[in-house]
Amino acid sequence: MTIAPKILILNPVSDRQKGIITRVAPAASIVTADLAGAAEHIVTSDILVAWGFNNIRPIYSQAKSLRWIHALTAGVEALIFPETLQSPIMISNSKGIHGVPMAEHVLGMILSFSRRFPQLYRQQLQHQWKRPPITELHEINGKTMAIVGLGAIGHEIAKKAKAMDMRVIAAKREMTQEPFVDRLYRPEQLLEMLSEADFVVVTLPLTDATQNLFGREQFAAMKSTAFFINVSRGGVVQEDQLIAALQENRLAGAGLDVFVEEPLPASSPFWDLPNVIITPHLAAISPVYLDRALQLFADNLAAFMDGKPLPTLIDKDRGY
Ligand code: OXD
């Protein structure tokens, strides 16, 4: 086990942030590069720290000494491809650091819909003092939130939803004790769960099993008064089906932070739907994100240097 690993980070880091890493590995050499500049360094690097959406596949064949790839994101979809799957390389992710900002983002979207902020803001731009009918001004108190994919992020969303006195239901593969969830459903009970929800919140990883999961049948199972919030990956949704459901008012609205194609093309019908809130894939981002992510990397590095299992190692076959 080398005590002086060469770490290639595909993001700029300040000297203070490098200190987060060198506290646990004082002899490590740290190189930063963007994806285009990474090829010359990857050959001699032991560890690659990348974003889960970085397309590293073209340079991976030159990664002769690489033992481990750490993702600064929760999602690792671009890091899993046949060559990494078939090799013993370890992949870890940044699970556990997204909960706070993402839960605040989701709550922000839900409150905006229920208090009609997008409509009121459009009126403000027109200097219009106009109240929506009281039947359109809602409370989230007592409403049902369904979380699809209850991992660390979903858990924090559930906690904050409970603080707002919502009823929280969730779908999860393993039946566990969940302090902030009123009822757990198995994945095969998804349609039943969706039919109960006022707000459906998707926090699933993108895997073969979740790709295109939300289509006509799933949207049809939801109430026409329900809102669909996606902060995971665009690929879990059949976007044409979501657009049709929104255009035909089979759903009340959607809060979308993620899309199949990002940046969302200017020609996308989503932009002009009045019942959609679009944010440009930033639900997890806050000024402390990179510090938190590097601290989590340092925790993994400490385990790596001690020859212990990485705390946030992912299962490559499962994809998260
Ligand atoms: C992530 C994200 O996967 O922010 O970390 O989308």
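Q: What makes helix 1 roughly parallel to helix 11?
A: In this predicted model, helix 1 (residues 15-22) and helix 11 (residues 289-305) pack at an angle of about 25 degrees, with axes 8 Å apart. Angles under 35 degrees count as roughly parallel, so helix 1 is roughly parallel to helix 11. The crossing of helix 1 past helix 11 is right-handed.

Q: Which residues make that contact between helix 1 and helix 11?
A: Helix 1 brings Arg-16, Gln-17, Ile-20 and Ile-21, while helix 11 brings Leu-290, Asp-291, Leu-294, Gln-295, Phe-297, Ala-298 and Leu-301. Sorted by type, the residues of this contact are seven nonpolar, two polar and two charged.

Q: Why is helix 5 called oblique to helix 7?
A: Helix 5 and helix 7 pack at an angle of about 50 degrees, and their axes are 8 Å apart. Roughly parallel needs an angle under 35 degrees and roughly perpendicular needs 65 to 115, so helix 5 counts as oblique to helix 7. Helix 5, too, passes helix 7 in a right-handed crossing. The contact involves Gly-99, Val-100, Met-102, Ala-103, Glu-104, Val-106 and Leu-107 of helix 5, together with Ile-153, Glu-156, Ile-157, Lys-160 and Ala-161 of helix 7. Those residues divide into eight nonpolar, one polar and three charged.

Q: How do you know that the span of helix 7 is close to the one expected?
A: Helix 7 (residues 152-163) has 12 residues and reaches 17 Å from its first C-alpha to its last, against 16 Å expected at 1.5 Å a residue.

Q: Which residues of helix 7 are buried, and what covers them?
A: The buried ones are Ile-153, Gly-154, Glu-156, Ile-157, Ala-158 and Ala-161. Their cover includes helix 5 (99-114), strand 6 (144-148), strand 7 (167-171) and strand 9 (199-202).

Q: Why is Thr-210 called buried?
A: Thr-210 has a relative accessible area of 9%. The cut-off for buried is under 20%, so Thr-210 is buried. Thr-210 sits in the loop between strand 9 and helix 9 (216-221), and, leaving out residues up to four places away in sequence, touches Leu-204, Pro-205, Gly-235 and Val-236.

Q: What makes His-281 partly exposed?
A: The relative accessibility of His-281 is 29%. Buried would need under 20% and exposed over 50%, so His-281 counts as partly exposed. The loop between strand 12 (276-278) and helix 11 holds His-281, whose contacts beyond four places in sequence are Arg-233, Asp-257, Val-258 and Glu-262.

Q: What kind of peptide bond joins Glu-262 and Pro-263?
A: The bond is cis, with omega about -5 degrees. Most peptide bonds are trans. Pro-263 lies in the loop between strand 11 (253-256) and strand 12, and the C-alpha atoms of Pro-263 and His-281 are 8.7 Å apart.

Q: Why does Asn-249 count as exposed?
A: Its relative accessibility is 54%, and exposed means over 50%, so Asn-249 is exposed. Asn-249 also has a positive phi of about 55 degrees, although it is not a glycine.

Conventions
Residues numbered from 1 in each chain as written. Predicted model: local features only at pLDDT ≥ 70, side-chain atom pairs only at ≥ 80, totals over all residues. Heavy atoms only, no water. Helix = DSSP H or I, 4+ residues; strand = E, 2+ residues; numbered from the N terminus. Expected span 1.5 Å × (residues − 1). Buried < 20%, exposed > 50% of the residue type's maximum accessible area, 1.4 Å probe, protein only. Contact = heavy atoms within 4.5 Å. Axes fitted to C-alpha atoms, helices over the stretch in contact; angles between N-to-C directions. Parallel < 35°, antiparallel > 145°, perpendicular 65-115°, else oblique. Left-handed = near helix turned anticlockwise from the far one by under 90°. Nonpolar A, V, L, I, M, F, W, Y, C, P; charged D, E, K, R; others polar.
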